[in-house]
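Keep the sequence and the structure in view while reading.

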Amino acid sequence: MSDTVTTANLAAVLPSAGSDLVIQERAIPSPGPDEVLIRNHAIAVNPIDWKRQVLGLFIASYPTILGSDVSGVVEAVGFAVSSFKKGDRVLACAPVTVTGNPDHAAFQTYTVMPTSTVAKIPDALDFTQAATLPTSVGAATIALFDIFDLPLPPLATSTSNSTSTTTPAPPVGILVWSGASSVGKTTIQLARLAGLQVFASASPRHHAGLRALGAAEVVDYRPPSAVNDLVAAAERAGSVEIRYAVDPISSDETLPLVLDVLSRVNNKRTGNGNGTTKLAHLGRWPERVALPEGIEAVFVRGTAIWTERRDSAAGVFNELLSAWLEAGEVVPQTVRVVEGGLGGLQTALNRLKKGVSGEKLVVEL
Ligand SMILES: NC(=O)c1ccc[n+]([C@@H]2O[C@H](COP(=O)([O-])OP(=O)(O)OC[C@H]3O[C@@H](n4cnc5c(N)ncnc54)[C@H](OP(=O)(O)O)[C@@H]3O)[C@@H](O)[C@H]2O)c1
């Protein structure tokens with residue numbers, strides 16, 4: 001680390017299991033060889049943050065620091081880093097759930113990040129918007145490019161502005177349940193870029209927005225007709241084979257509906273399907289839900305972006321995501337700013353725990 005960092009590092013520290021966050025000063029961390037130090041300007045909260053606070057998930061000892069999603073400016077780089085430099089504007093996903101190291105957590109002024117989950121952001125994108133993306137990009141990357149084993153979209157074609165040129169024939173479909181969730185919105189965008197025809201469910205007020213992100217059809221998930229409506233949508237689209245599905249909620253309420261759509265669409269479909277449909281679920285599989293034959297269900301272990309799937313994560317974060325953002329192919333989530341800077345994070349977690357609809361809670365530093 002060659003540059004001197006002068007500003008203090010304030011952190012929203014979790015002192016013990018279930019307690020509220022408290023603001024404390026701690027040392028500014030130094031980046032390891034393949035890491036960058038980021039001066040955070042915006043921090044977004046994710047459901048995993050309040051779950052960790054309340055349930056102690058991925059926490060070996062206290063005090064600790066929570067948080068995954070930041071955007072800011074690179075303040076210093078490790079000696080092996082050549083792709084980022086001091087002054088770069090970036091977004092990044094913090095690996096504290098894997099390393100357990102509080103230096104790798106988002107809820108503070110400075111965070112050390114492995115370069116594989118850092119992306120440069122265009123000047124037109126402000127920090128508040130950029131912070132809405134990292135965890136959802138990581139989760140969508142694991143679902144699409146690991147579990148479904150889709151190839152990473154090539155840069156040249158992925159930044160062309162037409163979806164029809166990248167959709168294979170016959171079209172292959174993906175069902176994104178809970179399309180208005182953060183994971184859902186990013187999955188819709190990356191699935192479109194991967195050439196899939198996207199079917200989604202969401203509350204009606206989000207339908208137009210999800211179509212703008214690339215969903216071919218969106219239906220309301222709440223009425224009893226939801227499954228029929230999605231089956232009809234697939235038929236309207238020309239008996240599309242829905243070979244993939246992503247369920248961010250993965251409850252015993254959502255999964256039976258997702259499984260029903262997959263079974264019915266693919267039983268009705270005429271054409272040359274090649275067998276198994278894959279379902280990526282972001283929550284643990286509920287014991288009460290039976291898995292029908294012909295559907296393979298795989299848990300999305302998002303932390304794989306720092307372990308086994310580090311290479312695919314780097315492919316997306318270091319190259320594709322920056323280009324997609326620049327070209328407007330991927331857009332940020334809808335932001336709701338929570339006032340108070342680091343001191344607003346506890347309020348943001350409390351609000352997120354109660355539930356949000358189609359928006360990302362962000363604090364600004
Ligand atoms: N396994 C992993 O690695 C991993 C990674 C990231 C996230 N996750 C998990 O994925 C889940 C989603 O995270 P997120 O950040 O995307 O959540 P989020 O943005 O907070 O999700 C909010 C959305 O959920 C939708 N929703 C709630 N209940 C629903 C239901 N019964 N059916 C359909 N949609 C429903 C709402 O849709 P409407 O507004 O349309 O009503 C709302 O917009 C969380 O449980 C999170 O912990 C797991």
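Of the contacts in the protein chain with a separation of 6 or more, 73% are between residues 24 or more positions apart; contact means heavy atoms within 4.5 Å. The model is predicted: local features need pLDDT of at least 70, side-chain atom pairs count only at pLDDT 80 or more, and totals for chains, interfaces and linings use all residues. Residues are numbered from 1 along each chain as its sequence is written, and side-chain values use heavy atoms, with hydrogens and water left out.

The protein chain has eleven helices and 16 strands. These are DSSP runs, numbered from the N terminus: helices are H or I with at least four residues, strands are E with at least two. The radius of gyration of the protein chain is 20 Å, close to the 21 Å that the globule rule gives for 365 residues, so the chain is as compact as a globular protein of that length. This radius is taken over C-alpha atoms, and the rule is 2.2 Å times the number of residues to the power 0.38. Along the principal axes, the C-alpha atoms fill a box of roughly 65 × 45 × 35 Å.

Burial comes next. Of the 365 residues, 55% count as buried, where buried means under 20% relative accessible area, exposed over 50%, and partly exposed in between (1.4 Å probe, protein chains only).

Helix α11 (residues 345-354) has the buried residues Leu 345, Gln 346, Ala 348, Leu 349 and Leu 352. Seen down the axis of α11, these residues fall within an arc of 160°, so they line one face of the helix; the arc is that of the directions from the helix axis to the C-beta atoms. An α-helix has 3.6 residues a turn, so residues three or four places apart point the same way. The cover over the buried residues of α11 includes β1 (9-14), β3 (35-44), α1 (47-55) and β16 (360-364). After α11 comes Gly 355, with a positive phi near 115°.

| Residue | Relative accessible area |
|---|---|
| Leu 190 | 0% |
| Thr 303 | 16% |

Leu 190 lies in helix α6 (residues 182-193). Not counting residues up to four places away in sequence, Leu 190 touches Ala 140, Thr 141, Leu 144, Phe 145, Trp 324 and Val 330. Leu 190 and Ala 140 are 50 residues apart along the chain, and their C-alpha atoms are separated by 7.2 Å.

Thr 303 is in the loop between β14 (295-299) and α10 (310-327). Leaving aside neighbours within four places in sequence, Thr 303 is in contact with Thr 97 and Val 98.
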